[in-house]
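Here is a short report on one structure. Read it with the model open beside you.

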Amino acid sequence: MTTVHDGEPGTVATTASRPRGAHPLLIFLAKRVAVTAGLLLGVTVVTFGLVNVVPGDPVTANLSDQALNDPAAVAAFREKWGLDQPLWAQYLHYLGNLLHGDLGHSQQTGRAVLDDLLHYVPATLELALPSMVLALLIGTGIGMLAAVRNGRLTDQLVRVGALLGLSTPPFWLSLVVLYVFFYQLGLAPSGGRLSTDFSPPPTVTGMYTVDGALAGQWDVAWDAAQHLSLPVLVLTSLTVAMLVRFVRSAMLEVLQQDYIRAAYAKGLPTRVVLRRHLLRAGLVPVVTVSGLAFASLLSGTVLVESIFGWPGVGQYAYRSATALDLPAILGVSLFVALVYTLVNLTVDLLYGLIDPRIRLS
Amino acid sequence: MAPLLDVDSLAVTLPSPRGPLPILHDVSLTVDEGELVGIAGESGCGKSLTAQTLLGLLPPGAAVTGSARYAGTELLGLDPRGWQRVRGAGIAMVFQDPSAALHPMLSVGRQLTEHMRVHLRMDRRAAVRRAVELLDQVRIPDPERALRAYPHQFSGGMRQRVAIAIALAARPRLLIADEPTTALDVTVQAGILALLERLRAETGLAVAFITHDLGVLSALTTRGYIFYAGRVVETGPTGALLTAPTHPYTAALLGARPHGTQTGGTLRPIPGAPPAPGEAPPGCPFHPRCGYAEPSCGTAPPPLTPAGADRSVACVVRPHLEVAA
Ligand SMILES: Nc1ncnc2c1ncn2[C@@H]1O[C@H](COP(=O)(O)OP(=O)(O)OP(=O)(O)O)[C@@H](O)[C@H]1O
Ligand code: SF4
Ligand SMILES: [Mg+2]
């Protein structure tokens, strides 16, 4: 960054001398992608190591008692999964396969882990993405409102609401939601992704609502959306409760800045000051916390999926972990790591978009 | 003709953890159309708070009494829509710390044009044209490019000039400038002052200068108000104030001024410190530091009373004062 001082005739007002040809945002992006790749490699080492120090013998966990008594069957199992090789060889073997998109076969389902993930991940994303987007919109709106109404009735109500939301166990909230909207009101189905009278639409994204709409099967899409409604409601509420207090305090801090008073001093309508000046500056801390919020939302899906009978990654992870299904566990870990690094990458990019001091430095 | 701004017996009390703190007491002042008025006094005497009151920007919980009329409209108790009409296009303000008053994430162009479009009903292109002109007038080089830049890309002095351009953008009738020229070097400062003087002559712009700099006061303003501990202690034509003060505090300020420079000269501290808000002694707030104090000074705060042509002073003793040449 260069600045220009008073009384230097002929100097140019603005700065940001950029290297020829490359847009600063592109360089920024390239750097982040490189870091992400390194991070993912590290994650494979860590997860692989962790899984291998976990007590428990995958052989006993996966073979029947009868097979365990047969030394030939045990040896075959060990050889099939590379369990008789030294650890580093197992890792290199695994890494080599990974690079070819081969995550191994799940010992539980007998299918390729990649196929399993491609089946379960879209179901979870169909829950998590709309919940996250809704939670961000609602959480930012409510948090901002509470900050603007600092100390008044609205603020108090929001405070109480957020506290209730935070102290409600997710399973309890799920049961209440089921009781009210399914049992009492009959407004929404109790679980699963589709009613039995529909079959899944042709797979494009693996998300039934999207695929239904793409295929023009609007009744299927609508039915899938109804099945989404309750679990999304639960996940959104939990995430909103987590976001609101944070957004409120971030916005309160911005409200005290001179540039907000200066915006009022210009005679701008209140809604312009709030939407343009307050929101813009308050979004930076909101973006920071939204990465964390997404992480907590994803972990929330494990429980919500099992209550609503939703065949997603959460359930898959749970079953693989209890069965010590190594290839599946590694596959899920890698998926989770990929999601986290993508979330971080998105967060960094959003910083750059929102704050010119980051983008232009 | 009624003055453009007429402040009468203004008192402001701010909330604090230890209860309400009275900050301004019985402040009365006027600014006519096309007039350049100065407000001076030591740090903490309530200059910025007066400005904030006149723009309705006091912190929540502040209690205000008295009256402040702008162009015939009572400002105190105005609703949000009323304030929106006055701010920016009626009364505009240059904040004391312009770097903090610029939004770090909005481009200079956006901050310069947004209120023009609201108040002057300009379309984008007209607003941009005017923005370029304004930046040129406050001597920002390459204005078109500066419009696309962000505040952090400018030096402190340039940010200050951008802030001045923003304040002038919606053609206000009264500009309150809170120490607007402190970070500027002498030639740029002279340019800004010339610009304000030209706007005054051509459009009848009125300016209230808040300053520590008695040089600015004497060079630019025709009338001045001397503040002490939240009160006006003396007022009158600037020339008379600075050459023949009638209040011991004004005289002390002048005595503390460095010699030999005509336009330089910042207020230098007078021995002792002004009372903190809420801790003013009974009687004249200056009496613990005043060399002319008499027993009667400790009874009640002296009111501002007329003292010759266009002048008023808040002192019961009115000693004969010698000003260091
Ligand atoms: N938000 C606030 N809450 C409590 N007290 C405040 C607040 N803002 C200002 N004050 C007090 O009010 C008094 C007047 O402050 P003000 O900013 O008007 O001083 P000033 O004359 O502008 O000083 P300076 O020359 O340093 O800018 C000071 O004693 C200050 O401590
Ligand atoms: S009233 Fe008394 S204490 Fe106050 S300025 Fe005058 S002489 Fe000094
Ligand atoms: Mg001040």
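## A buried arginine in chain B

Arg223(B) is buried, with a relative accessible area of 15%. That counts as buried because the cut-off is under 20%. This is a predicted model.

What does Arg223(B) form with Glu35(B)? The two make a salt bridge, and their closest N and O atoms are 2.7 Å apart. Arg223(B) sits in strand β9 (residues 223-228) of chain B, while Glu35(B) is in the loop between β2 (21-31) and β3 (36-40), so the pair ties together parts that are 188 residues apart in sequence. Glu35(B) is buried too, with a relative accessible area of 11%.

## Salt bridges in chain A

Over all chains, the count comes to 15 salt bridges. One of them joins the side chains of Glu126(A) and Arg193(A), at 3.0 Å from N to O. Glu126(A) belongs to helix α6 (residues 113-148) of chain A, and Arg193(A) to the loop between α8 (170-184) and α9 (208-214), so this pair links parts that are 67 residues apart in sequence. Glu126(A) is buried at 3% relative accessibility. Arg193(A) is buried at 6%.

Another salt bridge brings together the side chains of Arg111(A) and Asp116(A), at 2.9 Å from N to O. Asp116(A) is buried, at 0%.

## The shell around ligand 1

How many residues surround ligand 1? The number is 14, and the closest are Ser43(B), Lys47(B), Ser48(B), Leu49(B) and Gln96(B). The shell divides into six nonpolar, six polar and two charged residues. Helix α1 (residues 47-54) of chain B gives the most to this shell, with three residues.

Look next at the oxygen atoms of ligand 1. One is 2.4 Å from an N or O atom in the side chain of Ser43(B). Backbone atoms take part as well. A backbone N or O atom of Gly46(B) lies 3.1 Å from an oxygen atom of ligand 1. For Leu49(B), a backbone N or O atom is 2.8 Å from an oxygen atom of the ligand. Taken alone, ligand 1 exposes 630 Å², and the protein buries 67% of that.

## The magnesium ion

Which residues coordinate the magnesium ion (ligand 3)? They are Ser48(B), through OG, and Gln96(B), through OE1, at 1.9 to 2.2 Å. Ser48(B) lies in helix α1 of chain B and Gln96(B) in the loop between β6 (91-94) and α3 (98-101), so the pair ties together parts that are 48 residues apart in sequence.

Ser48(B) is buried, with a relative accessible area of 19%. Gln96(B) is partly exposed, with 41%. Both residues are also among the closest to ligand 1.

## Two positive phi angles

Now turn to the backbone of chain B. Ala71(B) is not a glycine, yet its phi is positive, near 45 degrees. Ala71(B) is found in the loop between β4 (63-70) and β5 (73-74) of chain B. Its relative accessibility is 39%, so Ala71(B) counts as partly exposed.

Asp142(B) is not a glycine either, and has a positive phi of about 50 degrees. Where is Asp142(B) placed? Its place is in the loop between α5 (124-137) and α6 (143-148) of chain B. At 33% relative accessibility, Asp142(B) counts as partly exposed.

Conventions. Residues are numbered from 1 along each chain as its sequence is written. Chains are lettered from A and ligands numbered from 1 in the order in which they are written. This is a predicted model: local features need pLDDT of at least 70, side-chain atom pairs count only at pLDDT 80 or more; totals for chains, interfaces and linings use all residues. Side-chain values use heavy atoms; hydrogens and water are left out. A residue is near a molecule or strand if one of its heavy atoms lies within 4 Å of it. A polar contact is a pair of N or O atoms within 3.5 Å; within protein, one must be able to donate a hydrogen and the other to accept it, and residues adjacent in sequence count only if both atoms are side-chain atoms. Accessible areas come from the Shrake-Rupley method with a 1.4 Å probe; for residues, only the protein chains shown count as cover. Helices (H or I, at least four residues) and strands (E, at least two) are DSSP runs, numbered from the N terminus. Ala, Val, Leu, Ile, Met, Phe, Trp, Tyr, Cys and Pro count as nonpolar, Asp, Glu, Lys and Arg as charged, and the others, Gly among them, as polar. Buried means under 20% relative accessible area, exposed over 50%, partly exposed in between (1.4 Å probe, protein chains only). Donors are N, O and S atoms within 2.8 Å of the metal (3.2 Å for Na, K and Ca); water is not among the atoms, so sites may look incomplete. A salt bridge is a side-chain nitrogen of Lys or Arg within 4 Å of a carboxyl oxygen of Asp or Glu.
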